[in-house]
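Subject: Structure handover

Hello,

Please find the structure below, with the sequence. Notes on what was found follow it.

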Amino acid sequence: MTAKLIYVTAGSAAEAETIASQLVEERLAACANILGAATSIYWWDDKLNKDSETIFILKTTAELVDQAVTKILALHSYDCPAVVVLDIEQGNPEFLKWIDDNTL
């Protein structure tokens, strides 16, 4: 089992909670951490934008990443949401096993 983190930004805390809850309920992720408000500065449609977003992180397995990303994209309100998958190279073995035990 290879554990993964999925970093996501959402337009609001409510949207982050909706997406995160759905993935955990469907066991596509073992856990979600909603980190709270952040200020994002970015280019979109040839215009510099500054918006408030909510960051959340999901913990899942390599085997479920494709399904999890597909579900996030289906639920997300953005045209091009930030969804980035990161490797977990090492950590508490009991916690990494817990991720595996609590996903599909």
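The residues that line the largest pocket are T9, S40, Y42, W44, D51, E53, Y78, D79, C80 and A82. Please keep in mind that this is a predicted model. The pocket holds about 260 Å³ of space. Two elements, β2 and β3, each give two or more residues to its lining, and β2 gives the most, with three. By residue class, the lining divides into five nonpolar, three charged and two polar residues.

Both of those strands belong to the sheet. It is an open sheet of four strands in the order β2-β3-β1-β4, with antiparallel pairing. From one strand to the next, the twist averages 25 degrees.

On the pairing of β2 with β3: the two strands run antiparallel and are joined by 13 bridges, with β3 covering residues 47-61.

Helix α1 (residues 13-25) touches β1 (3-10), β2 and β3, and its direction makes about 20 degrees with that of β3. Helix α3 (residues 93-101) also packs on the sheet and touches β1, β2 and β3, but its direction makes about 90 degrees with that of β3.

Regards

Technical notes
Residues numbered from 1 in each chain as written. Predicted model: local features only at pLDDT ≥ 70, side-chain atom pairs only at ≥ 80, totals over all residues. Heavy atoms only, no water. Pairing = 2+ DSSP bridges. Axes fitted to C-alpha atoms, helices over the stretch in contact; angles between N-to-C directions. Contact = heavy atoms within 4.5 Å. 1 Å grid on protein atoms, 1.4 Å probe; cavity = no way out; pocket = protein on both sides within 12 Å on 5 of 7 lines; lining within 4 Å. Points joined across faces, edges and corners; volume = space filled by probe spheres on them. Nonpolar A, V, L, I, M, F, W, Y, C, P; charged D, E, K, R; others polar.
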